[in-house]
Amino acid sequence: MPFRKAWLYVLLLLVLTFVAFWPGYFSRLPAKKMAHHAHAASAVLWMILAIVQSWTAHHDRLALHRKTGLAIFLLFPFFLVAGMWVIHVEAATLAGDFTTVEGKQIAQFGFFDPLANIAFALLFWAGLKYRYKVQLHARYMLATLLFVIAPIGFRLLAMLIPFLKREENFSYAMAGGNLIALAVAVYLFRQAPRHGRPFLIAAGFIVAQGITFETLGRIPAWAPIFASVSHANLPFLLLLTGIASVGVAWHGWVAGARPAIPKAALAA
C-alpha cells in the first residue's frame, strides 16, 4: 500500500487548517454566513475521512475501510454543493462592490474556486474508477486534498510575514500558497512517476488557478460577469449541483466495476 504515513500528514493538514482559519473564520463564527459553515464542515469532514481511510488501509482494517468509505457518497455531494453555495455568495457580494480592493479580489476567485471544484470532482471520479488499482486509487483520493493547501498556505504566510498582511499585497500571499500546493503536487508526482498521473493532473489545475487568478480574474469586464451568478436561483443551482455530483459518483463507481465473470466460466 502506498503512503503508509499519509494519515499523519493529513492530520497535520487538519491542524494547520484550524490554525490558518482561526483569525478570519473560527474566531468569529457567529458573523459568518451559513454557506461558509457548510463549506468549512465539508472540507474538515473530507480530511477526517481521508485520515480514517488511510489509517484503516495501512492497519489491515480493510472491512472497516470499505464501510467508512461509503461516506464519500454523502460527503462528495455535500462538498460540491457547499462549494457552489460559497461561489454564489461571492458573486452576490461582488455585485455590490466592483471597485474596492476587496471586490476586485473576490472577482479573481471567480476562476480559482470553480477550477478547484472541477478538479476535485475529476480526481474523485477517477479515484472511484480506479478503486481496484491501489496505486492509482490512493493517489487520486489524496490528490483531492491538494486544493486545500493553497487557502491554508496563503493565510499562514500572511500570519507569518508582516508584508503579506497588507490587503494590497494579498496577491503575493496567494501566489505563495499556490506555489506551496504546486510544490507538494510535484514532489508527490516525482516519488513514483509511473503512478503519478493524479498529482500531475492536480498540478495542472493548480497552475491554471494561479494563472487565471492573476490574468483573467483581473480583467474589469470579468467582475460583472462573475457577479451575474448571483442572479441564479440559489435552491435550483444547489439542486443541479447535487444532481451533477451524484451523477459523477455513480458514473465513477460504474466505470470502475470489475467485469462480471460468466457463469459458464465459474462452472468450468
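Mentor: Let us begin with a definition: rings of Phe, Tyr and Trp, the last by its six-membered ring, pair if their centres lie within 6.5 Å. Please bear in mind that this is a predicted model.

Trainee: How many aromatic pairs does a search of the whole structure find?

Mentor: The criterion is a distance between ring centres within 6.5 Å. Searching the whole structure for aromatic pairs gives a count of 19.

Trainee: Which residue has its charged end over the ring of Trp253?

Mentor: For a charge to sit over a ring, NZ of Lys or CZ of Arg must be within 6 Å of the ring centre. Here the distance to the centre of the Trp253 ring is 3.7 Å, and the residue is Arg131.

Trainee: Are helices H4 and H5 roughly parallel or roughly antiparallel?

Mentor: H4 spans residues 72–95 and H5 residues 101–129; their axes lie 9 Å apart at an angle of about 165°. Angles over 145 degrees count as roughly antiparallel. The pair H4 and H5 is therefore roughly antiparallel.

Trainee: How many charged residues does the contact of H4 with H5 have?

Mentor: Glu90 in H4 and Asp113 in H5 are among the residues that meet. The contact of H4 with H5 has 16 nonpolar residues and four polar ones, while the charged residues number two.

Trainee: What is the handedness of the crossing of H7 and H9?

Mentor: The axes of H7 (residues 149–160) and H9 (residues 170–191) come within 7 Å and cross at roughly 130°. H7 is therefore oblique to H9. The crossing in which H7 passes H9 is right-handed.

Definitions and conventions:
Residues are numbered from 1 along each chain as its sequence is written. This is a predicted model: local features need pLDDT of at least 70, side-chain atom pairs count only at pLDDT 80 or more; totals for chains, interfaces and linings use all residues. Side-chain values use heavy atoms; hydrogens and water are left out. Rings of Phe, Tyr and Trp (its six-membered ring) pair if their centres lie within 6.5 Å; planes under 30 degrees apart count as stacked, over 60 as edge-to-face and the rest as tilted. A charge sits over a ring if NZ of Lys or CZ of Arg is within 6 Å of the ring centre and within 35 degrees of the ring normal. Axes are lines fitted to C-alpha atoms, for helices over the stretch in contact, and angles run from 0 to 180 degrees between N-to-C directions. Helices (H or I, at least four residues) and strands (E, at least two) are DSSP runs, numbered from the N terminus. Angles under 35 degrees count as roughly parallel, over 145 as roughly antiparallel, 65 to 115 as roughly perpendicular and the rest as oblique. A crossing is left-handed if the near helix is turned anticlockwise from the far one by less than a right angle, and right-handed if clockwise. Contact means heavy atoms within 4.5 Å. Ala, Val, Leu, Ile, Met, Phe, Trp, Tyr, Cys and Pro count as nonpolar, Asp, Glu, Lys and Arg as charged, and the others, Gly among them, as polar.
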